[in-house]
Amino acid sequence: MSPARAVWLVARRELRTRLRARSFLIGTAVSIAVLVAFVLMQGTLFGAERATRVGLVGQATAVAGSLTEEALARGLEVRVSTVRDPAAGESAITDGDLDALVTGTPAALHVVVDESLDENLRRALNTLVQREVLRAQLASVEELDPDQVLATVADATVDVRSLRAPDPSHEQRLALALVIVALLYLSLLLYGTLVAQGVVEEKSSRVVEILLATVRPWELLAGKVIGLGLVGLAQLVVVGGAGVALAVFAGVLTIPSVAVGTLLWGLLWYLLGYLFYASVFAAAGSLVSRQEETQSVLLPVTSVLVLAFVLSFGLLTRAPNASATAVLSVLPPFAPILTPGRMALSAATGWQVVIAIVLTLASVVVLAWLSGRIYAGAVLRTGARLRLREVLRRH
Amino acid sequence: MPWEGAGFVLEVDGITKRYGDVLACDRVSFTVAPGEVFGFVGANGAGKTTALRIALGVLSADAGAVRWAGAPVDHAARRRFGYLPEERGLYPRMRVLEHLVYLAELHGFDVTRADGDAERWLSRLGLREHRDTEVQRLSLGNQQRVQLAAALVHDPGLLLLDEPFSGLDPVAVDLLSAVLRERAGAGVPVVFSSHQLDLVERLCDRVGIIQSGRLVACGTVAELRSGMGSTLLVEAPAAASGWADGLPGVTVLGVHNGQTRLRLAAGVDDQPVLAAALATGPVRGFTHQRPSLAELYREVVGDGA
């Protein structure tokens, strides 16, 4: 029997066992549900930047139009309404039906709020008041048309030159980056752990003795890693595909090509990252003989994964283009999570991606070789937890 | 495949394995011919399992060699071995039939043959109704039967079974005995270890006794006996106690109900004993008892084992 067939038989068993397991179906369904919830939340957050409701009383109703304009210029959407009298307005604020009540004359506006006044609304109102005062002052000067002066002043604005074209889809790209980072982190953690648990299960049930009488250690390990990796890939395709389709359908995502690109790159990085981490997980798992010991021996590996996730989340949100981020993004432990996130933000340059892929592939080769050695040396030695040095020395 | 079929000799040649200060195997050598059933007996921790695992090739020896069909055991040869580990070695959550098919395929069977042979062994070992049950849901006895099927399903050319009878009920013991004899009859060398010495005596052509890693005796039960003298049971109701004392080559083992049990050293003539017995009065019985393997074992290993 060829090694390829042995590897395939082992991988096929993993595929069958996992794909049929209820935990896989439930896990996939829950992942999709979480993603749907995220997408819907994202949708309501965008739509829910609801307008600030301002009630106007008496003469203050005259500023309705200019208040809306000034507030909008400061990024605040205001919906104005006319209120009968101040008392009715105040009770509307207490009831939460209004956010602010404006009374007085245009040159001397009074605002009533529940607790504090929105800063943008305050500035908008200040501008209105100041303009009215200025108009009154200008009107006292002969030979001067106050409206003309104000129009001239309003026309005088700074000239802005952007170094980069503004990206109207930045918010969406960031959401995509964070989603792919979270998906990759969870997939690598879950399937890496499953590899280790599978190794320990075979060791603790002693089935490995029977298996190794017919397949070589590396064939068994490769089959297990490939089988579980394919299961994880299938899950990522289903969850990611469903997420993209749903977001586009719900109208949350207006850049489907970027989303599909991010997902495809995410799948490639899943494979690279999985091979990297699964090698380490398998070697760590082979050192123990009981499931209860698995968590402790895996702790260093999972810590690195958690670190990669937390770092990626922070860096992508705050400084995706920083050079420190770029350096971290090519290092093999972080690259599989950070680089696809940066790619979604189009923050990674082509050569950074190439370096990240080359470095990760190179480390996969080294780790796979090392892991195979550790596994072969440790997998038949049941009993107490083994030390790494001890295992390597034996060979 | 070069190893197809049965009819090859297993040679274990001077294997030695050390764990720290403990010599688990100390220059253990034995040979098992095609069609021969070889029984491995010894106390717990004597080195039976280590020797079997080295013979199988899942454990490497510090010194010595294992040959099958005249060549060192390699991966291709190992694939033709059937192995039953001392402890359970199955996936707990896998279904019985699926598990056996998987193992048969790993041994190089195509799926049709794997499936057919797995079904055949399941019905042969009385597991047909459990074919779709998860291994962990079976009773321990039935799990052991599945383990046996796992060792047999790929039609191995050599059987290495570590404590195959442990946990089996008497019906299953008879079933397994029949299967082992049948496999031997087909030209397969069969090696198994056991604590049940009567079973080993009944089933095995040859026996190896291992103590503290060393093979202290090896041969057919008759050969082992030949160096051991025999036990003589003399019924002489009128004899006074001490009648046999002083006879050359004779040890009194005990007196019970007028019967005296004597150990006769190897090569000692029994007629002087008969004469001495007749001198005390009537002799109603004078019987040679062949020592059982259990007695031989105690003799070889001593009381310390």
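Phe165(B) is buried in this predicted model, since its relative accessibility is 1%; buried means under 20% relative accessible area, exposed over 50%, and partly exposed in between, with a 1.4 Å probe and protein chains only. Phe192(B) is likewise buried, at 0% relative accessibility. The rings of Phe165(B) and Phe192(B) form an edge-to-face aromatic pair, 5.4 Å centre to centre with 65° between the planes. Rings of Phe, Tyr and Trp (its six-membered ring) pair if their centres lie within 6.5 Å, and planes under 30 degrees apart count as stacked, over 60 as edge-to-face and the rest as tilted. Because Phe165(B) lies in the loop between strand 7 (158-162) and helix 6 (170-185) of chain B, and Phe192(B) in strand 8 (residues 190-193) of chain B, the pair ties together parts that are 27 residues apart in sequence. Helices (H or I, at least four residues) and strands (E, at least two) are DSSP runs numbered from the N terminus.

The model is predicted: local features need pLDDT of at least 70, side-chain atom pairs count only at pLDDT 80 or more, and totals for chains, interfaces and linings use all residues. Residues are numbered from 1 along each chain as its sequence is written, chains are lettered from A and ligands numbered from 1 in the order in which they are written, and side-chain values use heavy atoms, with hydrogens and water left out.

Over all chains, the count comes to 10 aromatic pairs. One of them joins Phe276(A) and Tyr277(A), edge-to-face at 5.0 Å centre to centre and 80° between the planes; both of these residues are buried. Elsewhere in chain A, ring pairs link Tyr185(A), Phe309(A) and Phe313(A) into a cluster.

Chain B as a whole contains 10 helices and 14 strands. Of its 305 residues, 51% count as buried. Its C-alpha atoms fill a box of roughly 75 × 45 × 35 Å along the principal axes. Contact means heavy atoms within 4.5 Å; among contacts in chain B between residues at least 6 apart in sequence, 69% join residues at least 24 apart.

Salt bridges also connect parts of chain B. In one of them, the closest N and O atoms of Arg67(B) and Glu11(B) are 3.8 Å apart. This pair links distant parts of the chain, with Arg67(B) in strand 4 (residues 63-68) and Glu11(B) in strand 1 (residues 10-19), 56 residues apart. Arg67(B) is partly exposed at 22% relative accessible area, and Glu11(B) is partly exposed at 26%.

Attention now turns to the interface. Here 23 residues of chain A are in contact with 27 residues of chain B. The two chains bury about 2500 Å² between them, 54% of it on carbon and sulfur atoms; buried area is the accessible area (1.4 Å probe) that two parts lose on being put together, summed over both. Arg13(A), Ile210(A) and Thr214(A) supply 24% of the area that chain A buries against chain B, more than any other three residues.

Between chain A and chain B there are 6 salt bridges. Arg53(B) and Glu209(A) meet in a salt bridge at 3.6 Å, N to O. Arg53(B) is buried, with a relative accessible area of 12%, and Glu209(A) is buried at 6%.

Technical notes. Salt bridge = Lys/Arg side-chain N within 4 Å of Asp/Glu carboxyl O.
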